[in-house]
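User: Hi! Could you walk me through a structure I just opened? I'd like to go through it bit by bit.

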Amino acid sequence: MNLFKGGLGLLASNFLIACLLIGCSNDGDSAKQSNEIKSQKPTQETPVIAEKDDPNKIAIRDDIDNARGVVTEKDDLNKIAQMDDIDDQTGVIATEPYRIEGIEVSLLNVKRASGDTLNVYWRMSNQSSVAQELVKCSASWYCKYQLAAGNWGDGIYIIDSANQRKHLVVRADKRPVVSTSITPLSIEPGSSINLWAKFPSPPLDVKKVSIYIPGVAPMEDIPISE
């Protein structure tokens with residue numbers, strides 16, 4: 001009997017030890033899993049938050065940048081338009097009537113350029129109520145140069161009064177270095193055409209020249225811009 005009781009006691013003790021071991025193991029595994037979940041949770045949530053918020057922030061920044069870009073572009077265009085208006089109003093040095101009634105010639109600038117040359121810029125405007133023909137010819141190679149360079153023997157030139165020197169248009173390959181036009185050329189009412197011609201530059205100590213454009217009264221003592 002005592003042996004039987006002893007056996008039962010030993011069995012109960014072993015069962016209790018086994019239960020304790022199984023319980024501890026489960027608790028350990030649960031704690032381990034809990035710790036792993038806790039350690040993984042921030043790494044799972046962080047990308048979700050970043051993925052959700054960053055596109056919104058980027059979109060907001062893009063909207064702001066786009067809005068700024070539109071405003072800047074608009075302002076720049078307005079400034080350019082305003083500068084063009086100022087140039088049109090204040091850039092004229094002298095104005096004379098042309099030999100064709102209703103046409104005005106406005107001198108815009110006389111400026112030194114590279115290669116010891118001098119550029120002259122002017123504008124022809126139709127102030128009349130009808131179209132005016134400026135160049136009739138179209139068959140000759142010279143026709144496209146005619147409006148800016150003038151006719152043979154009656155071309156544009158400048159006078160260096162300080163040195164009593166006359167300067168004709170610069171030529172390259174026997175052709176005048178001037179603006180060209182599609183001919184025949186007519187100009188509509190209220191329209192204008194800008195022209196230029198290149199000349200040998202007077203010495204640097206010469207500050208003024210006189211401009212002689214065919215069909216226009218002399219424009220004298222015009223300051224040279226550097």
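User: Which strand does Leu185 lie in?

Analyst: Leu185 belongs to strand β11, which covers residues 185-187. Keep in mind that this is a predicted model.

User: Got it. Is Leu185 buried or exposed?

Analyst: Leu185 is buried, because its relative accessible area of 15% falls under the 20% cut-off.

User: And which residues does Leu185 touch?

Analyst: Leaving out residues up to four places away in sequence, Leu185 touches Gln132, Glu133, Leu134, Val135, Leu147 and Ile193.

User: Nice. Switching to pockets: what volume does the largest pocket have?

Analyst: The largest pocket comes out at about 220 Å³. Its lining consists of 15 residues, and Ala149, Gly155, Ile156, Leu168 and Arg171 are the ones nearest the centre.

User: Which strands supply at least two residues of that lining?

Analyst: For the largest pocket those are β5 (150-151), β6 (154-155) and β8 (165-168). By class, the lining has 8 nonpolar, 4 polar and 3 charged residues.

User: How much space lies in the second largest pocket?

Analyst: The second largest pocket holds about 180 Å³. It is lined by 13 residues, with Tyr98, Arg99, Leu134, Gln146 and Leu147 nearest its centre. Two or more lining residues come from each of β3 (117-126), β4 (132-135), α2 (143-149) and β5.

User: Now electrostatics. How many salt bridges does a search of the whole structure find?

Analyst: The search turns up 1 salt bridge. Arg112 and Glu226 form it through their side chains, at 3.1 Å from N to O. The pair links distant parts of the chain, 114 residues apart: Arg112 sits in strand β2 (residues 103-113), while Glu226 is in the segment after β14 (219-223).

User: Are the two partners, Arg112 and Glu226, buried or exposed?

Analyst: One of each. Arg112 is buried, with a relative accessible area of 11%, whereas Glu226 is exposed at 57%.

User: Why does Glu226 count as exposed?

Analyst: Because its 57% lies over the 50% cut-off for exposed residues.

Definitions and conventions
Residues numbered from 1 in each chain as written. Predicted model: local features only at pLDDT ≥ 70, side-chain atom pairs only at ≥ 80, totals over all residues. Heavy atoms only, no water. Salt bridge = Lys/Arg side-chain N within 4 Å of Asp/Glu carboxyl O. Helix = DSSP H or I, 4+ residues; strand = E, 2+ residues; numbered from the N terminus. Buried < 20%, exposed > 50% of the residue type's maximum accessible area, 1.4 Å probe, protein only. Contact = heavy atoms within 4.5 Å. 1 Å grid on protein atoms, 1.4 Å probe; cavity = no way out; pocket = protein on both sides within 12 Å on 5 of 7 lines; lining within 4 Å. Points joined across faces, edges and corners; volume = space filled by probe spheres on them. Nonpolar A, V, L, I, M, F, W, Y, C, P; charged D, E, K, R; others polar.
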